[in-house]
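I opened this model to look up its strands and how they pair. My entries follow in the order I made them.

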Amino acid sequence: MSPLSSTAASVLRQGARQQLSALRTQKRGMADAYTKATTASSYSSPFRGTSDRRDTTAIPDFKKYRNSGGENTQKVFQYFMVGSMGAVTALGAKATVQDFLVNMSASADVLAQAKVEVDLASIPEGKNVIIKWRGKPVFIRHRTEDEIKEAEDAKWEALRDPQPDSDRVKKPEWLIMLGVCTHLGCVPIGEAGDFGGWFCPCHGSHYDISGRIRKGPAPLNLEVPAYDFPTEESLVIG
Ligand code: FES
């Protein structure tokens with residue numbers, strides 16, 4: 001080894017020794033600071049108990065949170081609050097239900113239209129009368145003896161909407177039906193068509209003297225509404 005390179009190696013070794021020594025001093029200082037910090041802080045748990053022994057069953061002192069007025073004062077207050085809230089809730093619920101029912105119930109003019117009374121004595125035999133009920137036409141037909149026989153003798157089992165005449169009337173001489181074609185809702189014409197009943201000119205549906213569909217595009221018989229005969233001479237629809 002040349003004298004120059006041996007001097008350089010010696011200088012490097014010297015430098016490394018000095019750095020190592022500085023690192024050791026720094027590490028020792030940090031360890032001392034940590035030891036001081038951990039010994040200086042302290043924590044006192046409220047569950048530690050009064051003695052030096054570690055007693056985990058000790059209960060903290062809650063005196064300052066306790067009610068000084070006694071148990072009865074507290075109960076009276078609780079009952080009062082529960083009772084007041086119950087009364088307020090009941091009143092609110094009653095008002096809500098009442099408003100809802102008032103809004104949903106039918107108005108006086110709607111109720112007046114719900115039922116219609118008709119004097120049958122004013123409709124002669126063999127005549128049609130059309131009245132308006134709930135915004136729809138209602139056909140009332142006072143049928144003759146021949147018409148009743150024709151309606152009853154028809155072979156209803158083979159019809160598109162099979163129904164015997166007896167299922168469509170309460171008294172054979174009175175036929176009551178909605179005057180609305182079951183195809184698309186036109187009003188059929190009375191005493192017309194191929195079957196002596198009603199004819200719908202919109203698309204050519206023919207109904208017989210019992211209001212049953214016999215020909216044309218309508219799928220069903222004319223609808224029979226709810227009705228009753230309170231007396232011999234009167235009819236109530238609805
Ligand atoms: S609406 Fe009556 S036949 Fe079409």
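I looked up V138 and found that its bridge partner in β4 is L178. I noted the terms: strands are DSSP runs of E with at least two residues, numbered from the N terminus, and two strands pair if DSSP finds at least two bridges between them.

I noted the provenance as well: this is a predicted model, in which local features need pLDDT of at least 70 and side-chain atom pairs count only at pLDDT 80 or more, while totals for chains, interfaces and linings use all residues. Residues are numbered from 1 along each chain as its sequence is written, and side-chain values use heavy atoms, with hydrogens and water left out.

I then turned to another open sheet, with 3 strands in the order β1-β10-β9, and its pairing is antiparallel. Which strands stand at its edges? I found β1 (116-119) and β9 (227-231) there, each with a single partner strand, so one side of each lacks a neighbour in the sheet. Here the twist averages 30° from one strand to the next.

Within this sheet I checked β1 against β10 (residues 234-237): 4 bridges join them, and they run antiparallel. I picked out D119, whose bridge partner in β10 is S234.

β5 (residues 189-192) and β6 (residues 196-200) run antiparallel and are joined by 3 bridges. I189 stands opposite F199 in β6. How many residues lie between β5 and β6 in their hairpin? I counted 3, and in the turn G193 has a positive phi of about 95°.

I followed β6 on to β7 (residues 205-208), where 4 bridges join the antiparallel pair. In β7, S205 is the bridge partner of C200. β6 and β7 also form a hairpin, with 4 residues between them, and G204 in the turn has a positive phi of about 85°.

Notes
Axes are lines fitted to C-alpha atoms, for helices over the stretch in contact, and angles run from 0 to 180 degrees between N-to-C directions.
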